[in-house]
Amino acid sequence: MTTTTSETRGGAVVPERKSVTQTTANWIDERTSISGLVRELGRKIFPDHWSFMLGEVALYSFIVILLTGTFLTFFFQASMAEVTYDGSYLPLKGIDMSAAMSSTLHLSFDIRGGLLMRQIHHWAALLFVASIGLHMLRIFFTGAFRKPRELNWVIGFVLFILALAEGFTGYSLPDDLLSGNGLRIIDGLVKGIPVIGTFTSYLLFGGEFPGTAIVGRLYTLHILLLPAILVAALGVHLLLLVINKHTQFAGPGKTNDNVVGVPIMPVFAAKAGGFFFIVFGVIVLMATFFTINPVWLYGPYDPSPISAGTQPDWYIGFADGALRLVPSGLGFQIGDFTFALNVFLPIVVLGLFIVLVAIYPFIESWVTGDKREHHIADRPRNAPTRTAIGAAGVVFYAVLWAAASSDLIATHFSLTVEGVILTLQILLIVGPIIAYLVTKRLCIGLQKKDREIALHGYESGRIVRLPGGEYIEVHEQLTDYERWRLVSFEDYKPLMLRPNAKGQISPLERARSVLSGWFFEDRITPVTTHELEQQHHAGHGALEGDSGTEIESGHH
Amino acid sequence: MRKSTDISPLARKPRKTGRRSPLASIALILIGLVATGGAYALFSTTASASTTAANQQLLTEGSKLFQANCATCHGMNLEGTQQAPSLLGVGAASVQFQVSTGRMPAAASGPQEEEKPSQFTDQQTLALAEFVGSKAVGPGIPSKQYLGGTGNAAKGAELFRINCAMCHNVAGAGGALTEGKYAPSLSGVSALHAYEAMITGPQNMPVFNDANITPSQKADIITYLKYLDKNPSPGGLDLGNLGPVSEGLFLWIFGLGAIVGVTIWLTAKAN
């Protein structure tokens with residue numbers, strides 16, 4: 001089943017034969033010219049690595065969301081008209097609520113399979129965003145966003161933001177207490193924007209919060225506009241994936257000019273089809289056995305009550321956490337205008353953070369001055385500075401995310417809420433710095449280890465006594481295949497500061513040079529062929545002595 | 001005082017009857033003393049009129065238990081000390097709640113007293129409660145008619161969301177308060193304790209008196225809590241009813257964990 005095929009960039013030719021299938025295919029092709037597409041797609045090569053399938057998980061959960069979402073639209077009424085609930089859930093019988101809430105309850109308790117569909121839809125949504133997140137981390141840490149894939153990174157990022165927007169609009173639709181409180185926070189965030197905030201809020205809600213328009217508006221966004229953009233962006237994302245082809249990890253026969261793996265037809269398509277059903281199955285299992293978003297407990301939205309432990313779904317948690325961590329009382333007043341910095345500051349910081357994520361490929365290529373195409377995925381350790389930046393970003397995000405559950409951390413670990421918040425405030429600043437330093441040293445340490453193993457092999461534990469009486473430990477050498485993985489990565493040097501045509505050095509160039517120095521000053525050079533040969537001549541690395549690891553400093 | 005008005009007619013009676021045995025005055029004094037003592041006990045206990053010798057015995061037992069277990073912190077006359085508040089006016093309901101949930105006697109001082117197995121039998125707890133209740137007017141032990149869980153669950157749920165959910169969470173799963181204090185989970189809490197907590201406001205909880213939430217509304221809330229206890233979540237396991245945090249954790253650890261496991265399995269090379 002592992003027919004490994006090598007595909008040259010530029011495509012291959014499908015040979016023509018005559019058979020019944022072929023005649024049918026020909027009939028279709030003469031009317032649709034589909035053969036070109038099939039040639040391109042059918043021979044698309046997928047390298048075999050588990051982390052390359054995370055994007056697929058996102059795609060499949062999106063399909064599940066589309067299917068179940070369609071079912072839900074058959075029964076959901078996106079209206080805030082007041083009705084009296086008269087369904088079969090006893091503790092809400094006779095309570096006044098919006099038609100949206102009432103139809104959600106009706107859907108959950110009185111439509112056969114309705115609750116299961118709702119739960120599949122919601123669990124799939126959580127999985128959708130989570131798999132996108134993991135997929136993005138994989139792309140980031142392997143450097144798969146580098147030329148020519150920077151644009152696809154940006155499109156993927158747009159998909160991520162759309163997924164968040166889809167999630168949030170969907171979470172708000174049932175008009176239950178939890179989502180209503182979430183909307184109130186969004187309303188507060190919008191109102192916290194200086195000058196335009198209040199006007200924008202009135203525009204969104206059609207008057208003072210909560211009004212009677214918001215559910216209908218969010219519904220239109222949730223089932224029409226956002227999915228339309230999402231599907232379009234997804235199409236472009238997949239098209240670029242085919243055009244750019246997959247990256248692959250370095251290995252024997254895997255070069256920057258080919259892709260080694262399984263073609264889509266027939267093996268990979270079968271595998272992927274099976275994988276779709278596995279993902280679907282996992283989601284259905286979760287939805288069957290585990291409650292998600294019990295709106296019947298939250299009850300209809302009413303602006304006065306709130307529940308302890310009110311949180312958004314996990315993917316909005318980082319924003320909620322930012323609001324919990326910002327010191328209270330920030331802000332000032334000029335005349336009649338209040339500048340609520342304790343609300344506005346998180347918006348600015350989070351905005352900057354996500355913009356940095358979106359444009360990171362361009363920042364890195366500018367700093368490194370690397371304009372080459374890259375089709376070999378980096379092992380994270382071989383790009384220590386990028387990996388360290390990524391780790392710092394992950395810690396920053398994780399602290400914000402944890403802060404969204406500060407109250408539950410306090411109750412479940414017998415801590416004080418104030419203590420948890422203060423700790424997380426400190427961690428938000430210090431954590432990323434520590435993560436950066438530790439990760440960078442870890443990467444360099446791992447690279448040193450790799451270098452040593454490539455040059456000297458593994459310690460075999462076999463001690464041999466030489467005729468002269470000397471004891472040595474015999475090192476087991478790697479095979480060429482094993483060594484390949486360890487030695488094939490690119491070497492970078494900090495950019496030289498050079499004057500331009502006019503003989504001047506611009507401040508921008510100077511900044512770039514400094515950044516480049518920071519990016520590459522500590523690095524381990526890959527083992528060269530020359531070094532390897534030398535090592536082999538020196539008696540197969542039997543003698544350990546002072547090893548060939550050296551750390552180069554960029555400060556010349 | 002009532003005592004004196006009671007004594008005088010009883011004491012005067014024998015004088016009107018002329019002849020009497022020498023023992024008669026002793027017998028009469030005895031009768032007088034018993035009547036006086038009985039009347040004293042009758043008029044000086046709580047509002048409930050069913051005062052009997054058994055009740056007196058209960059108060060005596062309560063007094064002894066109080067002196068042995070509570071007086072060190074709350075004072076010999078319930079007046080309170082530096083360590084603990086006065087118990088005058090807390091009512092029998094408060095004592096019964098604190099003692100039968102094991103919160104009192106306190107094991108250690110902390111942000112708040114934790115629930116633990118009770119140190120006293122129901123009878124001893126009742127004795128303590130009646131004793132403290134007899135010292136000053138306070139909320140009495142609630143009548144059984146409100147504790148049956150026969151109220152309106154929907155009304156109770158609405159009242160619960162408005163009055164209780166901000167600390168105890170909509171599903172009664174509990175929540176954090178300031179400085180390490182917390183609102184405990186309400187799952188499995190008995191109707192009696194729920195009612196007593198509402199009328200006495202233990203620890204950080206506010207008092208919901210009968211003017212704020214009427215006894216029948218309290219019965220509705222209790223009905224809702226009982227409904228939650230009896231009926232498991234219609235959607236499957238409830239993940240602690242902690243909302244999106246436990247859902248998110250579950251998804252990342254088990255959902256995505258399972259799927260990553262599958263991806264590794266699918267791409268594993270055959271050995």
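1. Is A:D175 buried or exposed? In this predicted model, A:D175 is buried, because 27 other C-beta atoms lie within 10 Å and the cut-off for a buried residue is 20 or more. The residue is found in the loop between α6 and α7 (177–191) of chain A. Its phi is positive, about 60 degrees, although A:D175 is not a glycine.

2. A:V195 also deserves attention. Phi of A:V195 is near 65 degrees, a positive value in a residue other than glycine. The residue lies in the loop between α7 and α8 of chain A. A:V195 is exposed, because 9 other C-beta atoms lie within 10 Å and the cut-off for an exposed residue is 12 or fewer. As background to these backbone values, most residues other than glycine have a negative phi, and most peptide bonds are trans.

3. The bond from A:K147 to A:P148 is cis, with omega near 5 degrees. A:P148 is placed in the loop between α5 (114–141) and α6 (150–172) of chain A. A cis peptide bond also joins A:F209 and A:P210, where omega is about -5 degrees. A:P210 has its place in the loop between α8 (197–205) and α9 (214–244) of chain A.

4. The next point concerns a hairpin in chain A. Strand β10 (residues 458–465) pairs with strand β11 (residues 471–476) in the antiparallel sense over 6 bridges. Within this pairing, A:I463 has A:E473 in β11(A) as its bridge partner. The two strands, β10(A) and β11(A), form a hairpin with 5 residues between them, and A:G469 in the turn has a positive phi of about 100 degrees. Strand β10 of chain A is hardly covered: of its 8 residues, the count of buried ones is 0.

5. The largest nonpolar core has 157 residues. The members that touch the most other members are A:W123, A:A124, A:L127, A:F128, A:I283 and B:V132. The element that gives the most to this core is α5(A), with 15 residues. A second, separate core has 5 residues, including A:I453, A:A454, A:L455 and A:L486. In general, nonpolar side chains tend to be buried together in soluble globular proteins.

6. Which residues does B:V132 touch, not counting residues up to four places away in sequence? They are B:F66, B:L78, B:L87, B:V90, B:A92 and B:V95.

Note on methods:
Residues numbered from 1 in each chain as written. Chains lettered and ligands numbered in written order. Predicted model: local features only at pLDDT ≥ 70, side-chain atom pairs only at ≥ 80, totals over all residues. Helix = DSSP H or I, 4+ residues; strand = E, 2+ residues; numbered from the N terminus. Pairing = 2+ DSSP bridges. Core = buried A, V, L, I, M, F, W, Y, C linked by C-beta atoms within 7 Å. Contact = placed C-beta atoms within 7 Å.
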